[in-house]
Amino acid sequence: MNDQAQRLREKLRKLPVGNNRSDEDAGRTRVIAVTSGKGGVGKSNFSLNFALCLQQKGHRVVLFDLDVGFANIDVLMGISAKKNIVDLIDKRLAIWDIIEKGPNDLEFVAGGSGLSQIFELDEVKLHYFFEQLAQLQGYADTIILDTGAGMSKDMLRFLLSANEIILVTTPEPTSLTDAYALVKMAHNQKPDIRINVVVNRVTNEKEGRVTGEKLLLVAHKFLNLNMNLLGFVHDDVHVSKAVKKQHPFCLAYPASKAAHNLKNLVSVYLLQGKMEENVGIKGFLSRLRTFWK
């Protein structure tokens, strides 16, 4: 067992019961799946900075990179991950062995090459995978799954199993069309699915709100689905600068428009009501196992 894994275990044993949560909510872990209808909309960058802003609000967060084929969370942080999900399965490591730390000690799990093999696990390996994920119940307030873009049936399993989805889109017509197609597919399989919408790379506040409300209106009209507009993020030059520096923009440029937008998004998100029953890691894994069959 390496030193970091041991420290994580010690941290788990010392977790406070309160942390501004009721006894009823203590130990619950919310699982959020971040996705998009198409690639290139800034989904992974959003996931990373959203996680960091949540952490700044006092939340314990673990960020999972599940973007098959394009896993790059560690690259965005300028870190070369030593262990990943594939190692967890192939080498039968403990979940604590593959959790690494990024900027501001943000805990994350890298995807690694060959990540797609998790969809082809036999029963023994699948049981071990689920068994390790279950240990995170109560460890983190929020687990963020940065999933792949598009409508892969494999990724849909994670989307439908999560407590809620954050759908990232842009004002571009193709992005909105693909976002709606994903919403329709997910809704067809889970009518009560909970989706928060984020409009990325907007030129101004009006464009962000109009774009988001248009998507919400179409979903309500044709699917009778009530989604929530979480907010928008400006098309800010500081974002691309931060990517080149391999440092999250909310830390590299905390006074930027994009960083301000993220802080507002987190505030809105935290104002949402309490979670329903069958939430947390156990509920997530129970649903995931059902979809795996």
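These notebook entries record what I looked up in a predicted model.

**Entry 1. Ground rules.** I worked from a predicted model, in which local features need pLDDT of at least 70 and side-chain atom pairs count only at pLDDT 80 or more, while totals for chains, interfaces and linings use all residues. Residues are numbered from 1 along each chain as its sequence is written, and side-chain values use heavy atoms, with hydrogens and water left out.

**Entry 2. The sheet.** I looked up the strand order and found an open sheet of 8 strands, E3-E4-E2-E5-E1-E6-E7-E8, with mixed pairing. Its edge strands are E3 (100-101) and E8 (228-234), each of which pairs on one side only. Helices (H or I, at least four residues) and strands (E, at least two) are DSSP runs, numbered from the N terminus. Two strands pair if DSSP finds at least two bridges between them. I noted that E6 and E7 (residues 195-202) are parallel and share 5 bridges; threonine 169 has valine 199 of E7 as its bridge partner.

**Entry 3. Strand E5.** Which strands are joined to E5 by bridges? Strand E1 (residues 30-36) runs parallel to E5, with 5 bridges between them. Isoleucine 32 is partnered there with isoleucine 144 of E5. Strand E2 (residues 61-66) is also parallel to E5, through 6 bridges, and valine 61 stands opposite threonine 142.

I then asked how many residues of E5 are buried. Buried means under 20% relative accessible area, exposed over 50%, and partly exposed in between (1.4 Å probe, protein chains only). In E5 (residues 142-147), 6 of the 6 residues are buried, so the strand is largely enclosed by the rest of the structure. In a regular strand the side chains alternate between the two faces of the sheet. Here Thr142, Ile144 and Asp146 point one way, and Ile143, Leu145 and Thr147 point the other.

**Entry 4. Helices on the sheet.** Contact means heavy atoms within 4.5 Å. Axes are lines fitted to C-alpha atoms, for helices over the stretch in contact, and angles run from 0 to 180 degrees between N-to-C directions. Helix H12 (residues 257-270) lies across E1, E6, E7 and E8, at about 165° to E8.

**Entry 5. Helix H7.** I found that 7 of the 9 residues of H7 (residues 153-161) are buried. Among them are Met155, Leu156 and Phe158. The buried residues pack against E1, E2, E5, E6 (164-169), H8 (173-189) and H13 (280-292).

**Entry 6. Salt bridges.** A salt bridge is a side-chain nitrogen of Lys or Arg within 4 Å of a carboxyl oxygen of Asp or Glu. The structure holds 8 of them. Aspartate 67 pairs with lysine 43, with the closest N and O atoms 3.2 Å apart. This pair links distant parts of the chain, 24 residues apart: aspartate 67 is in the loop between E2 and H3 (73-76), and lysine 43 is in H2. Aspartate 67 counts as buried, at 7% relative accessibility, and lysine 43 is buried at 5%.

Arginine 157 is buried, with a relative accessible area of 18%, whereas aspartate 154 is partly exposed at 27%.

Finally, I recorded that Arg30, Glu164 and Arg194 are linked in a network of salt bridges.
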